[in-house]
Amino acid sequence: MKMIFILKDEEEHPLARAHYKTQQRELLLSCLQANAGRHMTVEDILRELQKDDQPIGQTTIYRNLDKLVEAGAVRKYIMAGIAGACYQYAPDEGASEYFHLQCEGCGTLVHLRCGTLDKLQQHVLAAHA
């Protein structure tokens, strides 16, 4: 499996709620929590909600995902070879940051925590950014 290296975000992602709760936002967040650890496209989310007879419009999903990403409750990933973005529930992990490796063949995204990669990132940002 050939993997590409993706630098981690420097921002912390504490679990935070968007400004006010709506039933649709809660359904969306519940769907992402039920699929924690999985990177989901908007189409994946639509399928999951429809499967549970929880119809939400695609525009509503995008609007609420933007708010959840801004609030830090959800992470957004743009991955090569996949149209659109992927989203993942982001529980409060404190300072535990991680890197991603993405398979160029199938697109699988693997989380990786590694002190050596922390040092490599610091070097790349200091010397080559």
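Trainee: Which exposed residues are carried by the face of α1 turned away from its buried side?

Mentor: This model is predicted: local features need pLDDT of at least 70, side-chain atom pairs count only at pLDDT 80 or more, and totals for chains, interfaces and linings use all residues. Residues are numbered from 1 along each chain as its sequence is written, and side-chain values use heavy atoms, leaving out hydrogens and water. Exposed means over 50% relative accessible area, buried under 20%, and partly exposed in between (1.4 Å probe, protein chains only). On that face of α1, the exposed residues are Q23 and A34.

Trainee: What pattern does the protein chain follow along the sequence?

Mentor: Helices (H or I, at least four residues) and strands (E, at least two) are DSSP runs, numbered from the N terminus. The protein chain has four helices and five strands. Read along the sequence, they give β-α-α-α-β-β-β-β-α.

Trainee: What distance separates the end C-alpha atoms of α1?

Mentor: The expected span of a helix is 1.5 Å times one less than its number of residues. For the 12 residues of α1 (residues 23-34), this gives 16 Å. The model agrees, as the end C-alpha atoms are apart by 16 Å.

Trainee: Why do the buried residues of α1 line one face of the helix?

Mentor: The residues concerned are R25, L28, L29, C31 and L32. Directions are taken from the helix axis to the C-beta atoms. Seen down the axis of α1, the buried residues line one face because they fall within an arc of 155 degrees.

Trainee: Which residues of α2 make the contact with α1?

Mentor: Axes are lines fitted to C-alpha atoms, for helices over the stretch in contact, and angles run from 0 to 180 degrees between N-to-C directions. α1 and α2 pack at about 100 degrees, with axes 10 Å apart; α1 is therefore roughly perpendicular to α2 (65 to 115 degrees; under 35 is roughly parallel, over 145 roughly antiparallel, the rest oblique). Contact means heavy atoms within 4.5 Å. L27, L28, C31 and L32 of α1 meet, from α2, I45, E48 and L49.

Trainee: Which residues of α3 make the contact with α1?

Mentor: The axes of α1 and α3 come within 10 Å and cross at roughly 75 degrees, so these helices are roughly perpendicular to each other. From α1, the contact uses Q24, R25, L28, L29 and L32. From α3, the residues are T60, I61, N64, L65, K67 and L68.
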